[in-house]
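Please view the sequence and the structure together before reading the points below.

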Amino acid sequence: MAQTQHPSDFESKLTPEYLAIVCNNVLDAAYRALVAASTDDDTNWSVGTLLYGRVHGRFKTMHRDKSLLWFKLANSTMDYTPSVNGVLMQVVMDDPDVRKKAHRMAASRVELYQASLLGPSSDSNLTWRLYVDSDGNMEDPKLTVTVLGLDTNQNVVCQWMHDYIPLQSVRTIDLPVE
């Protein structure tokens with residue numbers, strides 16, 4: 001599907017600033033996981049689980065950050081669900097254009113609970129997914145984050161890809177010139 005408008009055009013709570021912070025943190029954690037899992041002993045499984053776990057860990061860190069009051073981890077189990085300014089988003093490690101993990105399209109327990117409190121949904125209520133995808137290049141992988149908004153029939157209404165701006169590592173130091 002072609003990229004549509006920014007998610008904030010469909011849900012005002014998903015501001016460009018908030019999504020930039022979330023997406024940059026997801027990609028920073030994911031790239032760091034790929035670096036850590038680049039030994040000869042790593043398999044596709046170990047790389048995939050480390051990537052998923054590191055993004056989960058980053059979200060736990062963001063949840064505790066007092067400067068990010070708009071970010072919550074609504075469900076911190078292995079099926080983690082972040083809340084961006086009150087909007088729930090399931091995280092999916094998959095290609096957003098060729099989705100293999102169809103079970104991730106269904107509402108999670110947290111989303112079902114929220115829907116039970118808010119009443120029946122209408123076509124204006126969208127379900128949100130945050131897809132993390134790799135181009136498959138093992139030597140120099142390129143990761144992307146895409147936000148999908150789905151209507152009640154699970155049709156993609158919004159598909160927006162984030163432009164990654166690498167975060168500066170807090171552990172960088174300048175080495176003396178030799």
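The points that follow are grouped by topic, from the overall fold to individual residues.

The model is predicted, and its chain averages a pLDDT of 80, with 76% of the residues scoring at least 70. The chain has 3 helices and 6 strands. Its largest nonpolar core counts 37 residues, and a cluster of paired rings links Y18, Y52, F59, W70, F71 and Y80.

**Confidence and overall architecture**

- From the N terminus on, the elements follow the order α-α-β-β-β-α-β-β-β.
- Where pLDDT is low, the predicted coordinates should not be read in detail.
- Buried residues account for 39% of the 178 residues in the chain.
- Of the contacts in the chain with a separation of 6 or more, 54% join residues 24 or more positions apart.
- The chain exposes about 10,700 Å², and carbon and sulfur atoms supply 54% of that area.

**Helix α2**

- Helix α2 spans residues 44-64; its 21 residues reach 31 Å from the first C-alpha to the last, close to the 30 Å expected at 1.5 Å a residue.
- The buried residues in α2 are S46, V47, L51, Y52, V55, H56, R58, F59 and M62.
- An α-helix has 3.6 residues a turn, so residues three or four places apart point the same way.
- The cover over the buried residues of α2 includes α1, β1, β2, β3 and β4.

**Aromatic pairs**

- The structure holds 5 aromatic pairs; one of them joins Y52 and Y80, with 4.8 Å from centre to centre and 40 degrees between the planes, a tilted arrangement.
- This pair links distant parts of the chain, since Y52 belongs to helix α2 and Y80 to the loop between β1 (71-75) and β2 (81-84), 28 residues apart.
- Both Y52 and Y80 are buried.
- Y80 also pairs with F59: the ring centres are 5.9 Å apart and the planes stand at 75 degrees, so this pair is edge-to-face. The cut-off for that class is over 60 degrees.
- Because F59 lies in helix α2 and Y80 in the loop between β1 and β2, the pair ties together parts that are 21 residues apart in sequence.
- F59 is buried, as is Y80.

**The largest nonpolar core**

- In soluble globular proteins, nonpolar side chains tend to be buried together.
- Which residues of the largest nonpolar core touch the most other members? They are V22, F59 and L130, out of 37 residues.
- At least two residues of this core come from each of α1 (16-36), α2, β1, β3 (87-93), β4 (127-134), β5 (143-150) and β6 (156-161).
- The largest share of the core, 10 residues, is supplied by α1.
- Leaving aside residues up to four places away in sequence, L130 touches V22, C23, V26, M89, Q90, V91, V92, V145, T146 and V147.

**The segment before α1**

- E11 is located in the segment before α1.
- E11 and L126 are 115 residues apart in sequence, yet 8.2 Å separates their C-alpha atoms in space.
- Not counting residues up to four places away in sequence, E11 touches V87 and W128.

**Positive phi values**

- Most residues other than glycine have a negative phi, and most peptide bonds are trans.
- N85, a residue other than glycine, has a positive phi near 55 degrees. This residue sits in the loop between β2 and β3 and is partly exposed, at 27% relative accessibility.
- Q154, also a residue other than glycine, has a positive phi near 65 degrees. Q154 occupies the loop between β5 and β6 and is partly exposed, with a relative accessible area of 39%.

Definitions and conventions. Residues numbered from 1 in each chain as written. Heavy atoms only, no water. Phe/Tyr/Trp six-rings, centres within 6.5 Å; stacked < 30°, edge-to-face > 60°. Helix = DSSP H or I, 4+ residues; strand = E, 2+ residues; numbered from the N terminus. Buried < 20%, exposed > 50% of the residue type's maximum accessible area, 1.4 Å probe, protein only. Core = buried A, V, L, I, M, F, W, Y, C linked by side-chain atoms within 4.5 Å. Contact = heavy atoms within 4.5 Å. pLDDT = per-residue confidence, 0-100. Areas by Shrake-Rupley, 256 points an atom, 1.4 Å probe, with all protein chains shown as cover. Expected span 1.5 Å × (residues − 1).
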